[in-house]
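This report describes ring contacts and strand pairing in one protein model. The sequence and the structure come first.

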Amino acid sequence: MRHIALVLAMIAIVTVSARPARADDDAPQVTKPPKLAHFVPAERPAGTEDKTAVVVLSIEIAADGKVSDVRLAQTGGADFDAAAIAAVKQFIFEPAEVDGQPAPVTITYSYKFTVEEKIVSLGPQVNFEGIVVERFKKTPLAGVKILIKDVGLEALTDAQGQFAFTDLPIGVHQVELSGPGLISVTTEEDIGAKQKRTVKYYAELKQEGVDEEEVIHATRIKKETASVSIRTEEARKVPGTQGDTLKVVQNLPGVGRSSFGSGQLIVWGSAPNETRVFVDGVEIPALYHGGGLRSTVNSDLIKSIDLLPGAFGAEYGRGIGGLVKSETRTLPREGTHGYAAVDVIDASAFVTTALSKRARIGIAGRRSHLDSVLSRVTSQDVGDFVPIPQYYDGQVLAQIDLGKDETLELGALGSDDRLTRTIGADDPAQIRRQQTHDRYYRGFARYQRILGDGSSFVLVPSIGWDGNTTNASFGSVPTSLDVASWKYAVRGSYRRKIDPHVTLSLGVDAQGQHTKVSRFGSVTLPPREGDITVFGQPPGDEVNADSWTTSIVSVAPYGFAEIAVGKLAITPGLRVEPYLIDGSRLTPIVGSTPALGYRRMDVALEPRVSGTYKLTKQLQLRAGAGIYHQAPDPTDLSAVFGNPTLGLIRAYHGSAGISYKLTGTLTAEVVGFAKKIDGLASRSELPTPPLARTLVQDGVGRVFGGQALLRQELTHGLFGWITYSLIRSERKDHPSSDWRLFDYDQTHVLSVLASYDLGRGWQLGARFRYATGVPRTEVMGSYYDARDDRFEPLYGAHNAIRVPAFYQLDARVERTMTIAAHRANLFLDVQNLTNRKNPEEIIYNFNYTTRQYITGLPTLAVVGVRVEL
């Protein structure tokens, strides 16, 4: 245990002041020096706990022992001088005696302010303590349970809201606050060696019937009716994720499996471009790198991950699918921390350091090398059989404490992906290849403040650039599509409790996007959702080219109220979003005809509502509904390849479910959902469409199904879950068309995973996944086209067959140890233990008589090490 002590030293030189000195034996003699009888310690100046100083004083002591005067002989600094003089004036001495009689004297007194660290063995010591107060009233809260989740220790706050733990193990611990009528919160605390950690928590009382999650010193995040939240300490240990916390979203209910090489999110039967992803309120175009092997944001920056597959609240929009929200963690306020890691897939590093008591910065980066590893362990060109992604990403995050409950965050995100899919052939001229290059960059600021009345304010401006390039060579006609977009946005929100039962949130969500698109080649490539085609099919004779720009701007005010009455909690909301759509070409340029642009405005009115009814403490009913809109894709607004007059896509979401808490950490949940979509763009039925009407907005869609979740939260080293989703997603391209299966439809999706801490630093986990194959249109035969000297396929019913089902077993073994005072993690993450060649796409030979498959990775043993600073 450390004790901070003030070490005081007094050096007294006593001189006689009664009469002058004489050289003979009759000279006055000090027969008794003054003795300090009453000592008053100096009050150390604020902010100098780790500083030393020496103040030398001249003290005149009267014959009665009292201090008559104090003069500064040597300064130790203005603050220290004043503190020392104030203390010394209160000293009382036993008088000095000269020749046996009390007499005044003058002494020199050295007052030393020093810091001495002592390690004292006093048995068990308190090394983690704190106080819990109510967030709005700042009053102490008694009876709050403080649980150290990873070691199973707990304590209750006393009447003054205080708690303490004795000899808590050194390291980072997950601390959970809970109690009757309190919103449960979880945070991390780092307990250092020979140090005592003292904290102050601001907790919020729960409104009756509301099931919400709280982040300490931040606005709380409303829990949606069909959301799933995963804490990062669980996500990092999921088998198959290689410690990447954001990859856990792939294993949550309602999420379909994307094909290897895509990294797409398929949520509740929606297309990948219909689901939105946010990091600290900033939208990014991709959560995963190509192949889905890694997320595009370093996991050590992430605090929480929330998946809302549908029927989410009014604060988010511009997407008719699902929503993924992740928040960055608070960087350590002291010292330098970080890690370096490498495995067979990639290498990454992260470092964070405190620049001052109020400012800290973190920098992270990652780069893949799987293609190089595979080329060294096999003589075959693996890329000819399995698409191998190449990627890198980087992040910079700075956080500044401007004041009490007031923070500013500055961040930059970047990601770059390249992927090639190839179908080999003996004749080099017949090799079919598709190459994609996707990248994005973001810069943002996030200002957050909790005001004195408990209300909160958040402002997030951002700017960024997205790029996507696709080149395909399927025969003699190459195809290229290049998309570049500047994006800028501002999000602002204000939240305040206006009544014991009502909390009001108001905000504005503004976004602008300026896109430049260039396309050349076949009018049918890249294929659209719903096109009848097979991968690698040579394009037809129709080729064209176009280059155009679009600007889409929307400014959406929104508001919602959280109302709690007894066991019922309801959240009505409204979002009003006008879209301004501007384009460079309403019609194709023909000859010398000048370009004719366009500008129009569509207004979307989006009411939302969600509710929770708590039948018992364990049993809850939930429901939600809303209307959602999405702007047309800029690539569809071409006057040559699309239709510049396309308007907004609209979707209606509805969900209802039941949640039952079997134990304190074991929960079962069942949710049913339905979506109806209209305004989808599809290819014109006409063999010769009107000018600039290649696409028409006749398409509609419907999605319905259910999902079940049985989840064991982290307790006593064990966590895991079982999820099953039953989903039916269909589309109808034109009023006269039949309903067909959506290209991304997956009827059954099952995930089973568990992880257990064996003790002594060992962690063991396993995961099993099953997913129905996606629909495809069967090739029934072929005919020879003499003019083009090639075979053309004859198709059967639209999306009547499926790619064979996917299933895979993964396992993970991890060992945590200390090496040279650094924490190290060694892990073996084995994907596809059964070495199943999971089909990802159907391909055919040149005359369509033989069906084959592009398959995913075989058994891949990912061996890696991570060392923390």
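Phe-128 is buried, with a relative accessible area of 0%. The model in which this residue sits is a predicted one. The ring of Phe-128 takes part in two of the pairs described below, one with Phe-163 and one with Phe-165.

**Aromatic pairs**

In total, the structure holds 21 aromatic pairs. A pair of aromatic rings is described by the distance of the centres and the angle of the planes. For Phe-128 and Phe-163 the planes stand at 70 degrees, so this pair is edge-to-face; the cut-off for that class is over 60 degrees. The two residues come from distant parts of the chain: Phe-128 belongs to strand E12 (residues 126–134) and Phe-163 to strand E15 (residues 162–166), with a separation of 35 residues. Phe-163 is also buried, at a relative accessible area of 5%.

The pair of Phe-128 with Phe-165 is stacked, with 15 degrees between the planes, and stacked applies to planes under 30 degrees apart. Because Phe-128 lies in strand E12 and Phe-165 in strand E15, this contact ties together parts that are 37 residues apart in sequence. Both Phe-128 and Phe-165 are buried.

| Pair | Distance between centres | Angle between planes |
|---|---|---|
| Phe-128 and Phe-163 | 5.5 Å | 70 degrees |
| Phe-128 and Phe-165 | 5.9 Å | 15 degrees |

Elsewhere, one aromatic cluster is formed by Phe-39, Phe-80, Phe-91, Phe-93, Tyr-109, Tyr-111 and Phe-113.

**Arginine over rings**

Which ring has Arg-257 over its face? That ring belongs to Phe-806, and the distance to the ring centre is 3.7 Å. Arg-731 has its charged end over the ring of Phe-742, at 3.9 Å from the centre of that ring.

**Strands E40, E41 and E42**

Strand E41 (residues 695–715) pairs with strand E40 (residues 666–683) in an antiparallel arrangement, through 16 bridges. Within E41, Gly-705 stands opposite Phe-673. E41 also runs antiparallel to strand E42 (residues 718–732), and 14 bridges join these two strands. Here Phe-704 has Arg-728 in E42 as its bridge partner.

How many residues lie between E41 and E42 in their hairpin? There are two, and His-716 in the turn has a positive phi of about 50 degrees.

Conventions:
Residues numbered from 1 in each chain as written. Predicted model: local features only at pLDDT ≥ 70, side-chain atom pairs only at ≥ 80, totals over all residues. Heavy atoms only, no water. Phe/Tyr/Trp six-rings, centres within 6.5 Å; stacked < 30°, edge-to-face > 60°. Helix = DSSP H or I, 4+ residues; strand = E, 2+ residues; numbered from the N terminus. Buried < 20%, exposed > 50% of the residue type's maximum accessible area, 1.4 Å probe, protein only. Lys NZ or Arg CZ within 6 Å of the ring centre and 35° of its normal. Pairing = 2+ DSSP bridges.
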